[in-house]
Amino acid sequence: MSSATDRWIWITDPDSDRYATLRLIDWWDQQRLAQARVMVVGAGALGNEVLKNLALLGVGHLFIVDFDRVEASNLSRSVLFRSEDAGRPKAEVAAERVQEINPDVAVIPFHGDVTRDLGLGVYRRMDVVIGCLDSREARMAVNRACWRVGRPWVDGALDVLDGLVRVFIPPDSACYECTMSEQDYALVNLRYSCPPGFALPAGRQPTTPTAASIVAAMQVQEAVKLLHGLQVPAGRGIYYSGQTMRLLTVTYPRREDCPAHHTYDRIVELPCSVDDLTAGEFLRMARDHLGSEGVLILDREIVTRFYCPSCEREEAVYRPYERVVPDQVPCPRCGTLRLFDTAVSLTGDGDYAGVLLRQMGIPPLHILPVRSPGGWGYFELAGDESRVLNDRRRVLPE
């Protein structure tokens, strides 16, 4: 027989407590939601609806990521944007409107590209990540980041009247890359194999605000269940057909050879920032922790040096490939296309020892893997935390 104290009944005043009705749900924990940290990647039509729902539910800390700006065509599908917002970063506008909906919510907007500008330490400090993305490359970036730091994420996708919601929970469920085919990988690789100056045609998937609201509602519902510790089927998807009003559940097999299934363990926090730490200094600190020399493994290729075959001029670069090629390939002296060297790993020796990590494209609050004879070490640049994750109760202009 259960005692009277097994379950508390909270009696609140609906005139003064905005969450009074939600508290009537027997398993609902509003305090848990108030303390939760949720990252929403993508602030378009789907992201708008996700953010609106999270704000209404009182999820206390939101981190919004988007690299795009508001334009007129967004207004027919995005509840948080207004015509006067044209040209402003979507993340900043969405953050302002979330605060208007619910001032209880602390919001941090991040205007940047999730594939290269967001450090792994941000993911590590989140409870759940919700993806509202429209590209394979962005989904792969979010998926690998979540797997490396062991954070669940809820993926959403739209296609006119249809939609798809998938939940991935590391380390045991299938992940996003487990669902990818050889053709999917080929399309992603095509982007990186194109010669300098070549650009793939860009396109947009048409959708409706009604489809976005349906898919976003399912995403947030799964996220709320995760935050409450309720059972959530992982490695599965729900496909919604707006044409037939049918729901189809899909289960994805887990690929044991999936390249995304790599988790960073025993992360060491360094009180350093990408803006004041050089590659040489970082490797010396890593060596002190590991007890041996190590090799820094980079997330992406960097250009180390340009060489002009005509005027025989060399230039040290040490910047990300995508930021210098093709714009800086022509020799500034004679116009000849220069040759260049690249690298994806760095040791303790070389003229790059004095190059700042920021210059190499390493984002703030990132976690850097170092391979040594004794195994792997993972080092977080925790000195960036205060400026990247500086929770603000207000993001509205003064």
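The model is a predicted one. Seven of the seven residues of β6 (residues 162-168) are buried, so the strand is largely enclosed by the rest of the structure. In a regular strand the side chains alternate between the two faces of the sheet.

β6 pairs on both sides. Seven bridges join it to strand β5 (residues 153-159), and the two run antiparallel. Within this pairing, R166 of β6 is the bridge partner of D155. The hairpin of β5 and β6 has two residues between the strands, and V160 takes a positive phi near 55° there. Five bridges join β6 to β7, again in antiparallel fashion. Here R166 has G237 of β7 as its bridge partner. G237 in turn stands opposite V250 in β8. Strand β7 (residues 236-241) and β8 run antiparallel and are joined by six bridges.

These strands belong to an open sheet of eight strands with mixed pairing, in the order β3-β2-β1-β4-β5-β6-β7-β8. β3 (106-111) and β8 (246-251) stand at the edges; each has a single partner strand, so one side of each is left without a neighbour in the sheet. On average, neighbouring strands of the sheet are turned by 15° against each other, direction ignored. Helix α3 packs on the sheet and touches β2 and β3. The direction of α3 makes about 170° with that of β3.

F67 lies in the loop between β2 (61-66) and α3 (90-101). With a relative accessibility of 56%, F67 counts as exposed, because the cut-off for that class is over 50%. H111 is 44 residues from F67 along the chain, yet their C-alpha atoms are separated by 5.0 Å.

Rolling a probe the size of a water molecule over the atoms shows where empty space is left. The count comes to one cavity of 30 Å³ or more. The largest cavity has a volume of about 90 Å³. Strand β10 (residues 295-307) supplies the largest share of its lining, six residues. The lining includes L296, I297, L298, D299, R300 and I302. Also among the lining residues are M360, G361, I362, P363, H366 and L368. By class, the lining has eight nonpolar, two polar and two charged residues.

Definitions and conventions: Residues are numbered from 1 along each chain as its sequence is written. This is a predicted model: local features need pLDDT of at least 70, side-chain atom pairs count only at pLDDT 80 or more; totals for chains, interfaces and linings use all residues. Side-chain values use heavy atoms; hydrogens and water are left out. Helices (H or I, at least four residues) and strands (E, at least two) are DSSP runs, numbered from the N terminus. Buried means under 20% relative accessible area, exposed over 50%, partly exposed in between (1.4 Å probe, protein chains only). On a 1 Å grid over the protein atoms alone, a cavity is a set of points where a 1.4 Å probe fits but cannot get out, and a pocket is an open set with protein on both sides within 12 Å along at least five of seven lines; lining residues have an atom within 4 Å of a point. Grid points are joined across faces, edges and corners, and a volume is the space filled by probe spheres set on the points. Ala, Val, Leu, Ile, Met, Phe, Trp, Tyr, Cys and Pro count as nonpolar, Asp, Glu, Lys and Arg as charged, and the others, Gly among them, as polar. Two strands pair if DSSP finds at least two bridges between them. Axes are lines fitted to C-alpha atoms, for helices over the stretch in contact, and angles run from 0 to 180 degrees between N-to-C directions. Contact means heavy atoms within 4.5 Å.
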